[in-house]
Every structure is written in structure tokens, then in C-alpha cells.
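Hi,

Here is the structure I promised to send over. Have a look at it first, and then read on for my notes.

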2 protein chains.
Amino acid sequence: MHPLAAAASPGVVLAHQSTLRETNLAVVLRCVCASEEPVSRAGVAAATGLTRSTVSRLVDELVAGGLVEEGTAQLAGPGRPATPLRPTGRICAVGLQVNAAHVAARLLDLRGRVVAEARSEPDLVGSEPAAALQLLGVHLAQVLAQTPEGGRVVGAGLALPGVVDGSGERLLRAPNLGWQDLSPAAGLREQLHGIPLSLGNEANLAAHAFAQPAPGRQGRSSHFVYVSGEIGIGGAVVTDARVQSGLHGFAGEIGHMPFRPGGDPCPCGSDGCLERYAGRLAMTRRAGLPPATTLAELGRLAEEGHTGSREAIDLAAEALGVVLAGVVNLLDVPTIVLGGEIGDLADRITPTVEARLRARVMAAPWMPLEVVQDTDDVAGATGGALLHLTRVVTSPVAFLAT
Amino acid sequence: MHPLAAAASPGVVLAHQSTLRETNLAVVLRCVCASEEPVSRAGVAAATGLTRSTVSRLVDELVAGGLVEEGTAQLAGPGRPATPLRPTGRICAVGLQVNAAHVAARLLDLRGRVVAEARSEPDLVGSEPAAALQLLGVHLAQVLAQTPEGGRVVGAGLALPGVVDGSGERLLRAPNLGWQDLSPAAGLREQLHGIPLSLGNEANLAAHAFAQPAPGRQGRSSHFVYVSGEIGIGGAVVTDARVQSGLHGFAGEIGHMPFRPGGDPCPCGSDGCLERYAGRLAMTRRAGLPPATTLAELGRLAEEGHTGSREAIDLAAEALGVVLAGVVNLLDVPTIVLGGEIGDLADRITPTVEARLRARVMAAPWMPLEVVQDTDDVAGATGGALLHLTRVVTSPVAFLAT
DNA sequence: GGCGATAGTTTTGTGGCGCAACCAACGACG
DNA sequence: CGTCGTTGGTTGCGCCACAAAACTATCGCC
């Protein structure tokens with residue numbers, strides 16, 4: 001690279017005429033994808049500001065390229081009826097997920113529909129990667145077998161509960177599985193048939209799915225903290241509808257933010273981490289229950305008056321509230337999304353968390369704060385698939401069929 | 001707006017031919033600005049990938065518009081000598097800053113040079129806004145009087161130690177000044193002569209200046225946490241060279257992240273906030289010194305063996321280390337920048353902070369962690385000016401002289 | 001059945017970039 | 001000291017993509 005190029009790098013997004021066409025193709029495709037209902041060429045033109053003639057040519061190209069379909073039924077109303085446009089169901093991506101309690105595969109299409117799903121619930125704490133990957137491979141093959149006639153699978157995204165390297169190829173460390181330094185693509189090569197596989201942190205991908213529930217479609221919040229509560233606690237920060245992944249892609253370890261520094265030692269080498277108070281393992285231990293107790297059971301016991309469970313949940317809520325208030329102070333992300341197993345305790349936790357936020361967030365008087373729940377229990381897999389489908393929407397040219 | 005437009009909003013960046021020209025003008029101007037040395041048209045072409053003919057046309061336009069100057073001395077070497085290009089010194093912006101200890105005005109030009117500066121060091125704790133703004137107005141007039149012959153001042157940015165609303169027009173609350181609900185533009189109208197004024201949080205603007213030391217030029221770090229230690233503690237998170245300002249622009253209150261929840265009560269309504277351990281007021285109180293003691297004096301006393309000072313500094317370093325480790329875990333921003341008065345203690349604080357980071361950051365084995373110091377003591381003012389100058393670089397069309 | 005309204009296509013015009021040829025001005029070398 | 005090679009910068013032409021506007025198609029409504 002030219003020496004100056006580095007200096008100018010952030011802005012070396014130079015534009016040719018072709019760039020212009022790519023941009024507008026993406027604009028049109030995103031518009032078609034963003035709408036729940038089919039839209040017409042004229043509707044796209046009105047929404048985007050492009051002229052009808054330009055939209056027509058771009059749509060024709062997308063139809064020819066197999067990314068958009070023209071419906072047969074016509075949209076009624078005054079004037080000439082419109083031909084409805086929808087993203088095709090033949091473009092698909094696979095979402096995969098492995099964590100301590102789930103192995104799952106999902107096939108999503110460009111409309112954001114779940115085309116196929118296969119899953120099982122083994123216990124993978126301290127497991128051998130090979131066996132788990134084999135099971136994942138079976139599920140992967142199952143969903144791929146249900147690819148629609150003439151369909152193309154553009155990628156696969158695997159959600160893992162651990163630290164993934166920046167390139168998305170290598171799992172560095174997944175403490176709760178007991179895995180480290182692993183390249184799962186090798187073990188899945190046979191089932192993948194050349195489909196590109198990328199890894200991602202579970203919470204990061206789940207947050208992506210929450211920010212963008214279907215390709216090109218905006219979720220109800222663009223600035224939020226995602227908390228994924230399983231054995232440990234993962235997380236992700238989303239600002240401007242984009243997941244903050246950090247310089248090396250390591251961002252999101254909210255479970256290891258300090259709640260009581262100097263308190264409970266944590267296997268991570270630190271002490272007083274949030275995870276030691278709001279993680280499942282910590283909560284069940286405090287409640288005096290076996291480690292395999294689910295959070296749903298814990299919640300039921302608390303409901304029935306079991307003191308230990310109540311205290312454990314209250315402490316967890318306190319810890320979450322305090323730590324999340326700090327995060328909101330730092331980043332002004334006024335929505336908290338509870339995902340993963342901890343969602344099962346949302347009813348008991350939410351009031352305390354909201355109270356702590358109101359009390360501890362400096363700008364609370366000027367902004368509404370909200371705690372919501374993500375009910376997708378394999379949200380990481382959904383996010384993994386959506387990651388690849390989003391790529392189709394943002395740069396359609398690369399995916400046009402010749 | 002059309003109903004679909006909202007749904008498609010993130011991508012409704014449709015491109016016309018004019019967009020294309022604007023983009024490329026920005027690319028060329030950024031390239032000229034990014035280089036410390038003057039560059040030639042051919043150099044820009046090589047760096048950006050645009051052709052020489054296109055660069056020539058764009059440069060001509062920038063020269064005609066008064067944003068770029070052709071030098072007279074020629075760049076030697078084999079072949080025809082090149083005509084050197086530099087950003088003009090006639091485009092300027094004003095940076096203003098008011099905090100508990102400084103009132104300052106700076107005039108910066110498009111090359112990033114400080115053209116003029118005026119400042120004073122009154123004590124503004126619990127002060128009347130009107131008097132401070134009057135003083136600021138005097139300094140503003142002083143630097144504006146030094147605008148270069150034929151120069152244009154494109155904007156003014158005022159850095160304030162408090163919460164500013166999203167539009168950049170209103171100061172909502174500045175606890176350490178004792179100010180609230182204030183629109184400073186009114187009080188400065190006479191001196192501003194129609195120059196647009198925008199407000200920003202002091203630490204956010206200082207971070208901007210650190211991320212981008214001159215218009216269009218990248219600083220040495222693109223992912224960092226900026227800590228501005230004065231009476232209280234402010235901060236900012238920078239990812240991908242952009243300051244994270246949050247949904248309402250309230251981001252950056254790192255001083256009110258929890259260090260010892262349940263500990264020292266904080267005027268913010270919470271307790272155990274970082275600021276209660278690492279803010280100047282907290283440190284001097286702990287050291288048994290008068291509140292007006294500067295951190296430089298505190299450091300000197302510690303050097304001389306004063307136990308109270310040593311303990312106060314050590315506790316502050318501990319608190320910073322713990323909280324910052326949490327932030328790094330959350331966001332993977334491996335550089336910490338110490339700015340403001342706390343920079344005077346950098347030597348004593350840095351080792352402890354770095355030790356805590358190494359011990360408490362989960363991904364520490366895979367990434368270098370670094371604590372650096374920002375030596376600009378009115379960095380907020382610099383950032384305020386750079387904010388406006390950056391706008392010139394990113395969208396030059398709006399600033400071309402007719 | 002005529003009319004207005006809306007959807008979509010076709011034609012023509014315009015702006016902006018790449019390409020390639022050209023001119024300009026220097027250093028190196030014989 | 002002249003020639004040649006090298007690099008900087010300009011000019012004219014063609015292509016590409018979008019805008020504008022005229023045109024066709026098809027509906028609902030009176």
C-alpha cells in the first residue's frame with residue numbers, strides 16, 4: 001500500500017460509478033427486506049427518494065440475480081395494480097450454536113423465516129469438543145437437507161460461549177465448556193460442503209439478532225446492552241444498531257466486570273466479578289442447590305418461599321442492577337435486554353434492576369430506562385445466520401447469480 | 001416521511017452522481033489533510049486509487065473553493081517537480097472550554113495548528129454562569145481578532161464538564177460548577193458574530209482530539225478509554241476512532257461507574273462511584289488536605305513521604321484499575337488515556353492501573369494493554385475546534401467558497 | 001364508457017469518472 | 001551541452017448510472 005494510503009485509510013472509500021450502483025442496489029434491497037408486507041417498485045421509489053425508472057432497473061437486476069421475487073397476486077387499490085416484491089426464500093444461511101446446554105442448527109432465509117431447525121440438549125460442561133462437534137454436524141446436515149428447491153446457502157455462523165479471535169476462525173477459550181484453542185471448521189468440513197463458516201461470541205450474535213430481527217430490518221432498539229445469562233454471564237453492547245466488538249473482537253465480557261472487587265474469587269483470575277453473583281453456578285451454590293439446577297427451577301423454588309433461592313436471586317438482581325447502571329452511565333444505552341436462561345427469572349429480577357438503574361444512572365431524569373426480555377432460547381444461532389444474511393443485504397452485488 | 005423510509009432508514013444513504021463527487025472530494029481533502037508533509041496531485045492519486053485526471057479535477061475544485069492551497073516551492077526529485085498541496089490556513093474553528101479551573105479559547109486552522117490562544121485560571125466551583133461566560137466571551141473575542149487575513153471561522157465548540165443534551169445546545173447539569181439548565185450561546189451571541197456554537201462534554205471532546213489530533217489525521221489509537229480527571233472524573237469511549245456518545249449524547253460518565261457499591265455516598269444519588277475514590281476532591285479529603293490542593297501538589301507530597309497522600313493516590317489507582325479493567329472486558333478497548341489534571345499523577349498511578357488491567361482483563365493474554373497520558377491541558381477546547389474542522393473534511397462541499 | 005389515478009417503461013439528457021494520449025519540466029548520462 | 005528517461009499534470013473522449021419527462025397499462029369510480 002502507498003504510504004499515504006494508511007494515513008488516509010478511514011476515508012479511502014472512494015466512489016466510482018459502480019460503487020454508486022452497488023450502493024443503490026443495497027438501498028433498494030434493504031427497503032424490500034425491511035418491509036413486512038410486499039412492496040411495489042413505486043413504493044420503493046417513494047421510500048428511498050430514487051426515481052421510479054432507476055428503481056425499476058435496480059429491481060430488475062435484483063430479480064435477475066435471484067435475490068428478489070415478483071409475486072403473482074397484485075396489490076389492489078386505485079390506479080394500476082402493483083406487482084409485489086419480496087426477498088426470495090431461496091437465499092438462506094445457517095445459524096449454529098453450542099453452549100453448555102444446547103446444540104442447535106437453524107436455517108433462515110432472506111425473509112428472516114426459520115426454514116428448518118434441529119437441536120438437542122446435552123450436558124456439555126467440561127466436555128470433549130469432538131463429540132459435541134459431531135452432534136452439531138448431524139444437526140447441520142439435517143437442516144441443510146431441508147434447503148428449499150434451488151436454494152443457495154450463503155454462509156454459516158456458529159455461536160460459542162467464549163472468546164473468539166478477530167478473524168472469526170478460532171475459539172480461544174470457552175471456560176464453561178472447558179474448551180480452548182479450537183478451529184471447529186475442520187470438524188464440520190464434510191457437512192459444510194464449502195459453505196463459509198464464521199464463529200462469534202454467543203452474546204454478540206444474540207445481540208445482533210435482537211438489533212436486527214430479520215435481514216435489513218431494524219429491531220425495536222438501536223442502543224442496548226444484551227445480557228446473556230447461562231452458567232456464566234456474557235454480554236454485548238449495541239450502539240447505532242451495531243454490535244461493538246472491540247479492537248480484537250473480544251468485547252462483551254460483562255460477566256467479568258467488577259461488582260464487589262476483593263470479593264468472591266473468579267476462575268478468570270480476578271475477584272468479585274458480576275458472574276460470581278448473577279451467573280447460574282453462583283446462584284445455585286448460594287441457594288444451596290445442586291449445580292445442575294436450572295434458573296427456571298430456582299425461580300419456582302423462590303416462588304414457593306425457599307429462602308436461599310430468594311436471597312440468591314435478589315443478590316443477582318442487585319449485582320446486575322449495579323453493574324448495568326455503570327454501563328448505562330458510561331455508554332448511554334438505555335435499554336437492557338435479558339437473554340438466555342436468565343430470561344426465566346426476568347419477572348423477579350426486572351423490578352430490582354430497574355430500581356437500581358433509576359437510582360444510579362446520572363442522566364436518568366432525562367431518559368426512559370427499560371428492561372426487556374429476549375425469548376429466543378437459541379438467539380445465538382439466529383444471530384449467526386442473520387450475520388451472513390445481513391451481508392447479502394449490505395452488499396448484494398457479491399451475491400447476484402450470474 | 002414515507003412510512004417505509006423509517007424502516008429502511010439506516011440504509012437510505014442513496015447515491016446520486018453528486019454524492020459520488022462529494023465522496024471523492026472528501027477522500028481527496030482527507031488525504032491532503034492526513035499527510036504531515038505537503039503532497040502532490042499524483043501522490044494523492046497513488047494513495048487513493050483515483051486516477052490523476054480525476055484527482056486534478058477535484059483538487060482544482062478544492063483550490064477554487066478555498067480549502068486547499070498550492071504551494072510555490074516545488075517538490076524536488078527525478079522527473080517533473082510536483083506542486084505541493086496543503087490544507088489552507090484560512091479555514092479555522094474555535095475551541096472553547098470552561099471547567100472548574102480553566103477558561104480557555106483556541107483558534108485552530110485546517111492544518112491542525114493552534115493559531116491563537118487566550119486563557120485564564122479562575123476558580124469556578126459553585127460560580128455564577130454569567131460571570132464565567134463573560135470571561136469566556138473576552139477570550140473568544142481575543143482569539144477571533146487573530147483570525148488570519150481572509151480567514152473563515154466555520155464553527156465553535158465549547159467543552160463543558162457536565163451533561164449536555166443531544167442537540168449540543170443546552171447544558172443540562174454541571175455538578176462541579178454548580179450550573180444547570182443553561183444555553184451559553186445566548187450569552188456569547190455578541191462575540192460569535194453568527195458563528196455556529198455547539199456544546200459538548202469535556203471528556204468526549206478531549207477524546208475526539210486524541211483520536212484525531214488534526215483534521216482528517218488519525219491518532220495513534222482508534223480504540224481507547226479516555227479518563228478526564230479533574231474535581232470529578234469524566235470519560236469517553238472511542239471505538240473505530242469515533243467517540244461513543246450514546247442514544248442521547250449522555251455517554252461518558254465513567255466517574256459514576258461503581259467501584260465499591262454501598263460505599264461512600266455520592267452527590268449523584270448513588271454510592272461507591274469511582275469519582276468518590278479517584279476524583280480530586282475525594283483524594284484531597286482522604287489525604288487530609290484542603291480541597292483546593294492540586295493533584296500535582298498531592299503527588300509532590302506523596303513523593304516527600306506524606307502517608308495520607310500516598311494512600312489516597314494508591315486507592316485512586318486501585319479504583320481506576322478495577323473500573324477500567326471492567327470497561328476493557330466489556331468493550332475491548334485496550335488503551336487507557338489519562339487526561340486532565342490526573343495526568344499529573346500518571347507516573348504514580350500507571351503501574352497500579354496496568355497491573356490491575358493485566359490481572360483482571362479476561363483477554364489480557366491475547367492483547368497488549370497500555371496506559372498513556374494526554375498532555376494537552378485544554379484538550380476539550382482543542383476537541384471542540386477539531387469537531388468543526390472535521391466536518392469540513394468529511395463534507396467539503398458544504399464549505400466550498402462560491 | 002369516460003376520466004382520473006397510480007404503476008411501470010422508454011427515451012433523452014447530464015454529471016462524473018476512467019482511459020489514453022499529450023505536454024511540461026526536471027535529472028542523468030554520454 | 002544536448003538527448004533521453006522519468007515523473008507531474010492536463011485534455012479530450014467514451015462509458016456508466018441516474019434524473020426527468022413523456023408514454024403505456026390498468027385499475028376504481030362516476
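Predicted model: local features only at pLDDT ≥ 70, side-chain atom pairs only at ≥ 80, totals over all residues.

**Cavities**

With that rule, there are seven cavities of 30 Å³ or more. The largest cavity has a volume of about 260 Å³. It is lined by 23 residues, and those closest to its centre are B:Pro161, B:Gly162, B:Asn176, B:Ile233 and B:Gly234. Two elements of chain B give two or more residues to that lining, namely α7 (202–211) and β12 (233–239). Of these, β12(B) gives the most, with three residues.

**DNA strand C**

Of the atoms of DNA strand C that come within 4 Å of the protein, sugar and phosphate account for 61%.

Bases are contacted too. An N or O atom in the side chain of A:Gln17 is 2.2 Å from a base nitrogen of DNA strand C. From the other chain, the side chain of B:Ser53 has an N or O atom 2.8 Å from a base nitrogen of DNA strand C. On the phosphate side, a polar backbone atom of A:Thr83 is 2.6 Å from a phosphate oxygen of DNA strand C.

Which elements each supply at least two residues of the surface near DNA strand C? They are α3 (41–48) and α4 of chain A, together with α2 (17–34) and α4 of chain B. The largest share, four residues, comes from α2(B). By class, this surface has seven nonpolar, 15 polar and six charged residues.

**DNA strand D**

DNA strand D is surrounded by 27 residues, and the closest are A:Thr54, B:Arg52, B:Ser56, B:Arg80 and B:Thr83. Sugar and phosphate make up 65% of the atoms of DNA strand D that come within 4 Å of the protein.

- B:Arg80 has a polar side-chain atom 2.3 Å from a base nitrogen of DNA strand D.
- B:Gln17 has a polar side-chain atom 2.8 Å from a base nitrogen of DNA strand D.
- A:Arg80 has a polar backbone atom 3.2 Å from a base oxygen of DNA strand D.

On this surface, at least two residues each come from α2 (17–34) and α4 (52–64) of chain A, and from α3 (41–48) and α4 (52–64) of chain B. Here α2(A) has the largest share, with four residues. The classes are seven nonpolar, 14 polar and six charged.

**Salt bridges**

Side chains of opposite charge can pair when their charged atoms come close. Over all chains, the structure holds 38 salt bridges.

In one, A:Arg111 and A:Glu69 meet at 3.0 Å, N to O. A:Arg111 sits in the loop between β4 (103–109) and β5 (114–120) and A:Glu69 in strand β1 (residues 68–70), 42 residues apart. Is A:Arg111 buried or exposed? A:Arg111 counts as buried because its relative accessibility is 17%, under the 20% cut-off. A:Glu69, at 22%, counts as partly exposed.

Another joins A:Arg106 and A:Asp376, at 3.2 Å, N to O. A:Arg106 lies in strand β4 and A:Asp376 in the loop between β15 (370–373) and α13 (379–394), so this pair ties together parts that are 270 residues apart in sequence. A:Arg106 is buried, with a relative accessible area of 11%. Both residues also belong to a network of salt bridges that links A:Arg106, A:Glu117, A:Arg119, A:Glu121, A:Asp376 and A:Asp377.

The last pair is A:Arg280 with A:Glu341, at 3.0 Å, N to O. A:Arg280 is in helix α9 (residues 280–287) and A:Glu341 in the loop between β14 (335–340) and α12 (346–360), 61 residues apart. A:Arg280 counts as buried at 11% relative accessibility, and A:Glu341 counts as buried at 12%.

Cheers

Conventions. Residues numbered from 1 in each chain as written. Chains lettered and ligands numbered in written order. Heavy atoms only, no water. Near = heavy atom within 4 Å. Polar contact = N/O pair within 3.5 Å; in protein donor to acceptor, adjacent residues only side chain to side chain. Nonpolar A, V, L, I, M, F, W, Y, C, P; charged D, E, K, R; others polar. 1 Å grid on protein atoms, 1.4 Å probe; cavity = no way out; pocket = protein on both sides within 12 Å on 5 of 7 lines; lining within 4 Å. Points joined across faces, edges and corners; volume = space filled by probe spheres on them. Salt bridge = Lys/Arg side-chain N within 4 Å of Asp/Glu carboxyl O. Buried < 20%, exposed > 50% of the residue type's maximum accessible area, 1.4 Å probe, protein only.
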